[in-house]
Amino acid sequence: MPLTILYFAWVRERIGLSEETLTPPPEVATMADLIGWLAARGGGYAEALAEPERLRAAVDQNFVGLDTAIGRAREVAIFPPVTGG
Amino acid sequence: MIRILVSRDPIDLAAEAARVEQAEVGAVASFCGLVRADDGVDRLELEHYPGATEAALDRIAHLAKARWSLQAAIIVHRVGPMQPGERIVFVAAAAPHRRDALDACAYLIDRLKTDAPFWKRETRGADARWVEARDSDGAAAARWDDI
């Protein structure tokens, strides 16, 4: 199923995209799986996603842990810890 | 009343504060954060996650209203490029009495720091870097979990 993936801050800069729509293989079940699958594309993906412990995620705009299942979500996001305020 | 605003425009303090000044309100506590000129920062850029940001701020404001006796909660956050000294965030809580207003105001800004998807990028001359999250912000937000 097509999945819209959004990137923010230095994740966006290193990948060179703010968003894209991809269809991950069925074995990509969780956000951690997705991050690993994307990192394997190499280049900016590998650079941005090399340290999953520095990353946070959202599934359908809700903040989640990386072990969260993507399920039937339409939109996910990958970004660094937030720094607003 | 809950007011959430994420905007590229400068924050008008007087206009925002005036929104909550009504006859039944006895106390308004507010916090305003400014861009600091830390170590020669000459520009700050705020990125956010449109849609998710407003939803996160709305959730924080509703949690505050559920927890304290509030007549109003306001969260206004600026995004885009800013200069040192400019206002970046304004929060306010209005209540019949000061304790609820003061506590709710602190809650709004502490939670915003950890629960809303904003990212700061500082520029010093030709050098730009993304601001790292601070452990102390997590601790400030977490103290509201215990009481």
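View 1. Phe31(B) stands opposite Val91(B) in β6(B). This is a predicted model, in which local features need pLDDT of at least 70, side-chain atom pairs count only at pLDDT 80 or more, and totals for chains, interfaces and linings use all residues. Residues are numbered from 1 along each chain as its sequence is written, while chains are lettered from A and ligands numbered from 1 in the order in which they are written. Helices (H or I, at least four residues) and strands (E, at least two) are DSSP runs, numbered from the N terminus. Two strands pair if DSSP finds at least two bridges between them. Strand β2 (residues 27-34) of chain B runs antiparallel to β6(B), and eight bridges join them. Strand β4 (residues 72-78) of chain B also pairs with β6(B) in the antiparallel sense, over six bridges. There, Ile74(B) has Ala92(B) as its bridge partner. Strand β6 (residues 87-95) of chain B is mostly covered, with eight of its nine residues buried. A residue is buried if 20 or more other C-beta atoms lie within 10 Å of its own, exposed if 12 or fewer, and partly exposed in between; C-beta atoms are placed from the backbone.

**View 2. Helix α3 of chain B.** Helix α3 (residues 98-115) of chain B has 18 residues. From its first C-alpha to its last it reaches 25 Å, close to the 26 Å expected at 1.5 Å a residue. The expected span is 1.5 Å times one less than the number of residues. Buried residues of α3(B) include Ala101(B), Ala104(B), Tyr107(B), Leu108(B) and Leu112(B).

**View 3. Chain B as a whole.** Chain B has four helices and eight strands. Along the sequence they follow the pattern β-α-β-β-α-β-β-β-α-β-β-α. The C-alpha trace spans about 50 × 35 × 30 Å along its principal axes. With 147 residues, a compact globule would have a radius of gyration near 15 Å; chain B has 16 Å, which agrees. The radius is taken over C-alpha atoms, and the globule rule is 2.2 Å times the number of residues to the power 0.38. Of the 147 residues of chain B, 33% count as buried.

**View 4. The open sheet of chain A.** Five strands form an open sheet in the order β2-β1-β5-β3-β4 (chain A), with mixed pairing. Its edge strands are β2 (19-22) and β4 (62-64) of chain A, and each pairs on one side only. Neighbouring strands are turned by 25° against each other on average, direction ignored. Strand β1 (residues 3-7) of chain A runs parallel to β5(A), joined by four bridges. Four bridges also join β3(A) to β5(A), but these run antiparallel. Strand β3 (residues 56-59) of chain A pairs with β4(A) in the antiparallel sense over three bridges. Ala58(A) has Phe63(A) as its bridge partner in β4(A) and Ala77(A) in β5(A). Helix α2 (residues 31-39) of chain A lies across β3, β4 and β5 (75-79) of chain A, at about 70° to β5(A). Axes are lines fitted to C-alpha atoms, for helices over the stretch in contact, and angles run from 0 to 180 degrees between N-to-C directions.

**View 5. Ala77 of chain A.** Ala77(A) sits in strand β5 of chain A, where four of the five residues are buried. Ala77(A) is buried, with 25 other C-beta atoms within 10 Å. Leaving aside neighbours within four places in sequence, Ala77(A) is in contact with Leu6(A), Phe8(A), Ala57(A), Ala58(A) and Tyr49(B). Two residues are in contact if their C-beta atoms, placed from the backbone, lie within 7 Å. Gln61(A) is 16 residues from Ala77(A) in sequence and 7.5 Å away in space, C-alpha to C-alpha.

**View 6. Where chain A touches chain B.** The contact takes 13 residues from chain A and 20 residues from chain B. On the chain A side, α1 (9-15) and β5 each give two or more residues. By class, that side has nine nonpolar, four polar and no charged residues.

Notes: Ala, Val, Leu, Ile, Met, Phe, Trp, Tyr, Cys and Pro count as nonpolar, Asp, Glu, Lys and Arg as charged, and the others, Gly among them, as polar.
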